[in-house]
Amino acid sequence: MPEQKGKLRKKELTINMGPQHPATHGVLRLELDIDGETVVKCTPHVGYLHRGTEKLGENRTYLAALPLTDRLDYISSMANNVGYCLAVERLFGIEAPERAKFIRTMASEMARISSHLLWLGTHALDIGAMTVFLYAFKEREWILDLFEMLTGARLTVTYPRIGGVRNDVSEEFLSSLYKFTDEFPKNIEEYETLIDQNRIWLQRTKNIGIITAEEAVNWGLTGPMLRGSGVDYDLRKYCPYDAYDKVDFDVPLGKNGDTYDRYRCRMEEMRQSARIIRQCIEKLPEGPVMTPDAPKFTLPPKERILKDMEAMIQHFVLVIKGPVTAPDGEIYSAIEAPKGELGFYFISNGTGKPYRMRLRSPSFIHASVLPLLCEGALVADVIANIGTIDIVLGECDR
Amino acid sequence: MNSKEAAEKIREMFPEEVREIREYNSQTSVIVKRDRIKDIIRYLHSDPLLNFDLLKDLCGVDYSGKKETRFEVVYHLYSLEYRSLLRIRAEVPEDDCSIDSVVDIFAGANWPERECYDLLGVVFKGHPDLRRILLPEDWEGHPLRKDYPLQSDLGEKEWKGYLDVIELAKKNMEFETK
Amino acid sequence: MIESVISSVGINGFAGSMIALLVKIAIVFGVVMLHVAYATYFERKVIGHIQLRLGPMTVGPHGILQPIADGIKSFFKEDIIPAGADKTVFKIAPVIPVFSALGCLAVVPFFDGFVLANINIGLLYIFAMSSLSAYGIVMAGWSSNSKYSFLGGLRSTAQVISYEVALGLSLVGVMIMSESLNLTQIVEAQQKYWHGMFIIPQFLGAFVFMIAAFAETNRAPFDLPEAESELVAGFFVEYSGMRFALFYMAEYIGMLVMSAISVLCFVGGWTLPPFVLEAFPSLAAVPGIVWFMLKIYFHVFVYYWIRSTLPRFRYDHLMCLGWKVLIPLALLNIVITALVKYFC
Amino acid sequence: MNRQSEDCVIEIEEGIKVIPGAGAVIAGIDKIANWGRISSMWPAVFGTACCAIEMMTAGSSHYDLDRFGIIFRASPRQADVMIISGTVTKKMAPVMRRVYDQMAEPRYVIAMGSCACTGNVYNTYSTAQGCDNFLPVDVYIPGCPPRPEAFIDGLIKLQEKIKNEHLRWSRWR
């Protein structure tokens with residue numbers, strides 16, 4: 001503001017929100033210029049969790065880079081794994097067997113539920129409803145227990161493999177998962193009543209952070225952020241991967257593109273996920289969970305390495321050189337991760353390591369839209385907006 | 001219009017710009033020169049027959065020693081209407097490491113372009129706010145270049161801010177209660 | 001009772017009454033401080049159980065020593081005054097809310113005849129004292145020299161000023177009905193009616209008072225001055241150790257005081273409604289303080305219940321609610337009460 | 001009076017003076033202070049990466065840190081423990097050190113997860129190899145990420161450490 005002589009000087013107050021702040025979901029930093037309670041300018045700063053995953057991936061074999069993807073969007077690591085494996089499979093031109101596809105579909109939907117539950121909890125906590133957070137976490141703990149049953153890990157699972165999945169599912173797991181899909185929609189309905197009928201919640205979310213359909217497409221938003229604005233774009237439906245073309249589900253759409261619509265979209269998606277999991281269990285075919293090409297891509301089991309010479313050589317080659325049959329080409333492969341479109345762009349040059357590994361992370365794009373949402377809103381809305389874009393900084397900064 | 005036809009369309013419209021059209025795994029990539037990249041992208045965006053309205057991704061690649069032109073900026077465009085994906089690869093030489101920004105066509109290109117500048121050092125002309133995004137603003141070097149070291153110990157190239165923190169920590173340690 | 005003990009020792013006249021007063025103050029102070037400590041424990045337990053947790057468990061049996069541990073820890077913690085802070089104001093600020101909240105207790109009758117100062121403008125005195133605590137918050141917010149605490153202080157000013165009006169107006173109905181500002185007389189006035197509590201004829205006033213009291217004490221859903229997810233900790237973001245504990249204490253004393261006023265003005269204080277006493281005459285043997293405490297703890301429970309259920313208001317909605325809903329409602333209540341009083 | 005108290009001081013070694021019998025008092029205060037500290041350790045909310053999720057889970061109803069009197073405080077001024085949960089990047093290091101410097105004594109640091117302990121797989125240009133390069137870490141919890149049970153175990157280890165402290169209340173008062 002230019003200095004005015006003889007009058008009071010007016011200047012915006014600049015406050016720095018984050019990286020250590022309870023509502024920034026990790027290490028996002030916002031620089032807010034505020035005039036009273038109104039935000040005049042909002043500048044997001046990211047990169048506080050930049051770990052160099054892309055560079056690291058270029059220096060590792062295709063097999064060894066898989067665990068790195070767990071730590072991108074650590075809330076839904078299963079979906080990242082699936083996306084990575086799918087991209088490598090497409091690059092190498094192989095395909096997972098039918099049973100593995102169903103298992104992957106099931107597992108990535110479980111990841112979606114766990115991710116959306118965490119979003120619900122933290123979003124509600126930011127707005128001030130603290131009990132929803134604990135209820136959502138209680139439900140999430142159930143999913144994590146199921147993950148543990150399936151893979152042996154809670155959070156960073158590294159379960160899918162290039163050309164299939166690591167191990168077959170047990171009957172016990174399937175029956176507990178089935179029970180979960182039975183009870184989950186009922187529970188979620190109960191928790192929803194805590195906030196959905198609440199006038200304060202409606203006031204805090206309706207007509208807050210509106211993105212029109214044109215804006216959403218122009219900014220490159222994907223996932224519930226795009227569907228909340230009413231654009232019908234879901235990779236699971238229109239570019240099906242794994243077993244999504246064999247199951248039946250709806251894609252929930254919003255109308256106004258405000259925080260409330262996105263909230264409704266995600267809540268509905270959780271119910272659809274439960275529906276998909278149910279169908280997967282019902283339709284799960286028999287057969288192997290690894291492709292017959294597996295020896296070229298997957299480490300043999302430990303017992304065989306100790307006894308079998310061939311297996312040991314195979315193990316050795318895979319670890320040192322990576323899959324040696326890599327073609328000379330490039331691929332962009334994307335999946336519908338819980339946050340939005342998670343894309344992998346590989347450039348291969350015939351060696352066992354990717355020449356360039358690029359991650360198209362939805363959170364990065366979604367975080368860039370924050371100034372659009374926040375400018376002109378109140379300070380309290382900034383918090384609601386950070387919650388609604390549902391970012392994970394691990395994926396945003398890579 | 002599917003991506004193959006779209007690629008041909010570009011060759012038709014910009015014959016001297018398009019270097020090559022490649023296909024791998026049923027994905028089409030068009031390798032173009034960088035000079036008229038903005039026109040090409042605008043054409044793809046605004047032509048109602050092509051209507052590539054979603055910029056899925058923008059990234060840079062370092063082909064150090066593999067190709068004549070060292071860098072490439074890769075655009076992944078998607079048409080929501082025709083559901084087709086097209087990859088545009090614009091070649092950027094090392095000596096004049098710059099390309100036109102497409103932020104005024106795709107608002108979503110803002111951060112990816114900043115990231116590309118940050119990690120590879122490609123300058124985007126006409127970008128409204130070209131600063132480093134992932135690394136601190138006074139970081140030296142562009143890490144995603146092939147000649148940049150990977151490991152944590154950067155030796156003399158270490159970021160000053162981090163060294164300052166270690167220095168400060170050593171100083172403050174004296175005041176700690178044991 | 002205390003007077004008689006003291007006069008039996010042989011001290012009479014002015015000195016005797018002074019000593020009696022001091023003893024009474026000591027009793028009230030001690031009891032209230034203990035209750036404040038255990039109000040935090042109670043809160044953690046209640047909210048814990050609402051959230052399917054247990055709350056404090058390991059410190060003493062069922063975590064009963066938790067508040068004491070918190071206090072000891074705060075006491076032994078380093079006391080930081082930020083370099084840019086206004087030191088004097090920074091030091092004074094936490095004391096003001098505590099003292100204003102404790103000052104309110106002077107006119108609160110705990111049971112029949114037990115009141116430190118039986119003045120005839122008791123309610124007015126409480127309004128004056130409770131709005132004084134806002135100064136402490138504003139001073140804390142300003143003197144910390146932090147932008148977050150500054151915003152918290154500003155929010156608090158606006159909030160307290162707006163809701164003070166509604167709070168005052170909501171009690172006018174009670175004043176009209178009891179024709180007094182003395183809290184003891186208000187309680188006695190309620191006994192003249194069959195229902196024995198003003199909450200039935202004054203339901204509108206009680207509703208407005210309840211909401212305004214939440215805002216006045218900065219409790220959820222009106223905890224904007226200290227909104228954790230927005231302003232980190234609001235006006236006391238820079239305070240540590242014992243000074244921070246003082247703010248905490250003030251908040252809980254304020255809550256107890258507000259509950260006490262609500263109990264005295266609307267629910268009949270330490271008395272039971274006449275129709276209940278008629279039905280169960282044996283209940284008259286129970287001392288009044290028990291009913292008083294039970295009623296207060298029910299109110300405090302409602303505070304916690306609401307905190308764990310509702311999301312936080314936004315600043316402008318809060319102002320809207322205060323000025324456009326609560327104040328008109330309170331005025332309406334006054335008009336109706338006055339008309340009824342005049343014609344009946 | 002003053003003279004007398006000076007007489008009480010015994011010099012056991014050069015420069016080290018002891019008041020006989022004071023040990024009993026000091027040990028008592030030590031015990032009380034340490035008990036207060038271990039019973040109400042308030043961590044600063046500071047999640048950086050994956051481990052933050054498990055930290056949050058530990059606070060949720062399944063594991064319930066409130067049982068131990070542990071509640072998360074948003075402001076570092078009011079916190080006792082700083083939990084570094086996740087990868088520490090070089091860009092983050094100044095912020096982290098600053099948050100630590102803002103905390104009031106006695107303060108403790110827990111490095112949660114392999115990244116915070118040693119840097120984990122992320123031996124890259126932008127990652128600091130463990131937060132002990134610039135912070136005095138009290139307890140290391142390995143795991144990628146550690147389970148909430150492991151995290152709670154780390155907190156209990158810290159409690160044991162605090163229990164054995166002496167005279168940690170004398171310096172700043």
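**Note on helices and aromatic contacts**

1. R398(A) lies over the face of F364(A), 4.8 Å from the centre of the ring. The model is a predicted one.

2. Aromatic pairs come next. Over all chains the count is 40. In one of them, W201(A) and Y263(A), the ring centres are 5.4 Å apart and the planes meet at 65°; planes over 60 degrees apart count as edge-to-face, so this pair is edge-to-face. The pair links distant parts of chain A, since W201(A) is in helix α7 (residues 199–205) and Y263(A) in helix α11 (residues 259–283), 62 residues apart. W201(A) has 0% relative accessibility and counts as buried. Y263(A), also at 0%, counts as buried.

3. F42(C) and Y297(C) form another edge-to-face pair, because their planes are at 70°, with ring centres 5.6 Å apart. F42(C) belongs to helix α2 (residues 13–50) of chain C and Y297(C) to helix α13 of chain C, so the pair ties together parts 255 residues apart in sequence. F42(C) is partly exposed, with a relative accessible area of 25%.

4. Helix α9 of chain C (residues 203–216) has 14 residues, and its first and last C-alpha atoms are 19 Å apart, close to the 20 Å expected. Of the 14 residues, 11 are buried, so α9(C) is largely enclosed by the rest of the structure. Among the buried residues are L204(C), V208(C), F209(C), I211(C) and F214(C). The elements that cover them include α6 (122–143), α7 (147–178), α11 (241–266), α13 (288–309) and α14 (315–343) of chain C. After α9(C) comes N218(C), with a positive phi near 55°.

5. Helix α4 of chain B (residues 160–173) also has 14 residues; its end C-alpha atoms are 20 Å apart, which agrees with the 20 Å it should span at 1.5 Å a residue. Which residues of α4(B) are buried? They are G161(B), Y162(B), V165(B), I166(B), A169(B) and N172(B). Seen down the axis, these buried residues fall within an arc of 145°, so they line one face of α4(B). An α-helix has 3.6 residues a turn, so residues three or four places apart point the same way. On the other side of α4(B), K160(B), E167(B) and K170(B) are exposed. The cover over the buried residues of α4(B) includes α4 (93–102) of chain D.

Conventions: Residues are numbered from 1 along each chain as its sequence is written. Chains are lettered from A and ligands numbered from 1 in the order in which they are written. This is a predicted model: local features need pLDDT of at least 70, side-chain atom pairs count only at pLDDT 80 or more; totals for chains, interfaces and linings use all residues. Side-chain values use heavy atoms; hydrogens and water are left out. Helices (H or I, at least four residues) and strands (E, at least two) are DSSP runs, numbered from the N terminus. The expected span of a helix is 1.5 Å times one less than its number of residues. Buried means under 20% relative accessible area, exposed over 50%, partly exposed in between (1.4 Å probe, protein chains only). Contact means heavy atoms within 4.5 Å. The arc is that of the directions from the helix axis to the C-beta atoms. Rings of Phe, Tyr and Trp (its six-membered ring) pair if their centres lie within 6.5 Å; planes under 30 degrees apart count as stacked, over 60 as edge-to-face and the rest as tilted. A charge sits over a ring if NZ of Lys or CZ of Arg is within 6 Å of the ring centre and within 35 degrees of the ring normal.
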